[in-house]
Amino acid sequence: MAKFDKSDIERRMTGAVESLKGDLSGLRTGRANTSLLDPVTVEVYGSMMPLNQVATVSAPEPRMLSVQVWDKANVTAVEKGIAHANLGLNPMQDGQTLRLPMPDLTEERRKELAKLAGKYAENAKIAIRNVRRDGMEALKEDEKKKEISEDDRKRLEDEVQKLTDKYVAEADEVAAAKEKEILTQ
């Protein structure tokens, strides 16, 4: 049975780009975005839970997030969870609702965030190149086992390289767009 599977390689490369998009969506750009609070966990009922399992997050205004806590007893825990997430947000309590005004980003903070976006992109490209390496090794093994010819191996290696180039370029585009968004808000 041949070890090389082109669809698996493409799926894994797509996964690396999707992971990058998820990482970048958590970066603050100055606009209120509900995904900013996705990494926040809250200690409620004796265990750590994601914020979205104890409250509803919305963006009623361009520079304000609103967190509607479902259980009145958890409001303080949610407030602490947001504060401990180091997102630079200061929750203001209003009954069972927490209001999170989005502070303006300083030029220095914008540059830090742009640098972080570049780091996320580099990690995604490393993941894509690791998938390429796995594909190339699988092709060599298949050739060694006489399951494919040398010509087939070379042709498939070219296809793997084209996929790699395509997904690396896509990761660069996604990161460049996010960096531009961060620096121009």
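**Exercise 1.** Determine how helix α3 and helix α4 are oriented relative to each other in this predicted model, given that their axes come within 9 Å.

*Solution.* Step 1. Helix α3 covers residues 107-144 and helix α4 covers residues 150-184. Their axes cross at roughly 170°.
Step 2. Angles over 145 degrees count as roughly antiparallel. Therefore α3 is roughly antiparallel to α4.
Step 3. The contact of α3 with α4 is made up of 15 nonpolar, three polar and 11 charged residues.

**Exercise 2.** Compare Asn130 and Thr164: in which helix does each residue lie, and is each buried, partly exposed or exposed?

*Solution.* Step 1. Asn130 belongs to helix α3, whereas Thr164 belongs to helix α4.
Step 2. The two residues are 34 residues apart in sequence, and their C-alpha atoms are 9.8 Å apart in space.
Step 3. The relative accessibility of Asn130 is 31%, so this residue counts as partly exposed. For Thr164 the value is 2%; buried means under 20%, and Thr164 therefore counts as buried.
Step 4. When neighbours within four places in sequence are left aside, Thr164 is in contact with Met13, Ile128 and Arg132.

**Exercise 3.** Describe the open sheet of four strands: what is the order of its strands, and which strands stand at the edges?

*Solution.* Step 1. The order is β3-β4-β6-β5, with antiparallel pairing.
Step 2. The edges are formed by β3 (55-61) and β5 (92-94). Each has a single partner strand, so one side of each has no neighbour in the sheet.
Step 3. From one strand to the next, the twist averages 25°.
Step 4. Strand β4 (residues 64-69) pairs with strand β6 (residues 97-101) in the antiparallel sense over five bridges. Within this part of the sheet, Leu65 stands opposite Leu100 in β6.
Step 5. Helix α2 (residues 75-84) packs on the sheet and touches β4, β5 and β6. The direction of α2 makes about 20° with that of β6.

**Exercise 4.** Examine Tyr45 and Lys146: what is the phi of each residue, and where does each residue lie?

*Solution.* Step 1. Tyr45 has a phi near 50°, a positive value in a residue other than glycine. Lys146, likewise not a glycine, has a positive phi near 65°.
Step 2. Tyr45 is placed in the loop between β1 (41-44) and β2 (47-50). Lys146 is found in the loop between α3 and α4.
Step 3. Exposed means over 50% relative accessible area. With 59% relative accessibility, Tyr45 therefore counts as exposed; Lys146, with a relative accessible area of 72%, is exposed.

How values were computed:
Residues are numbered from 1 along each chain as its sequence is written. This is a predicted model: local features need pLDDT of at least 70, side-chain atom pairs count only at pLDDT 80 or more; totals for chains, interfaces and linings use all residues. Side-chain values use heavy atoms; hydrogens and water are left out. Axes are lines fitted to C-alpha atoms, for helices over the stretch in contact, and angles run from 0 to 180 degrees between N-to-C directions. Helices (H or I, at least four residues) and strands (E, at least two) are DSSP runs, numbered from the N terminus. Angles under 35 degrees count as roughly parallel, over 145 as roughly antiparallel, 65 to 115 as roughly perpendicular and the rest as oblique. Ala, Val, Leu, Ile, Met, Phe, Trp, Tyr, Cys and Pro count as nonpolar, Asp, Glu, Lys and Arg as charged, and the others, Gly among them, as polar. Two strands pair if DSSP finds at least two bridges between them. Contact means heavy atoms within 4.5 Å. Buried means under 20% relative accessible area, exposed over 50%, partly exposed in between (1.4 Å probe, protein chains only).
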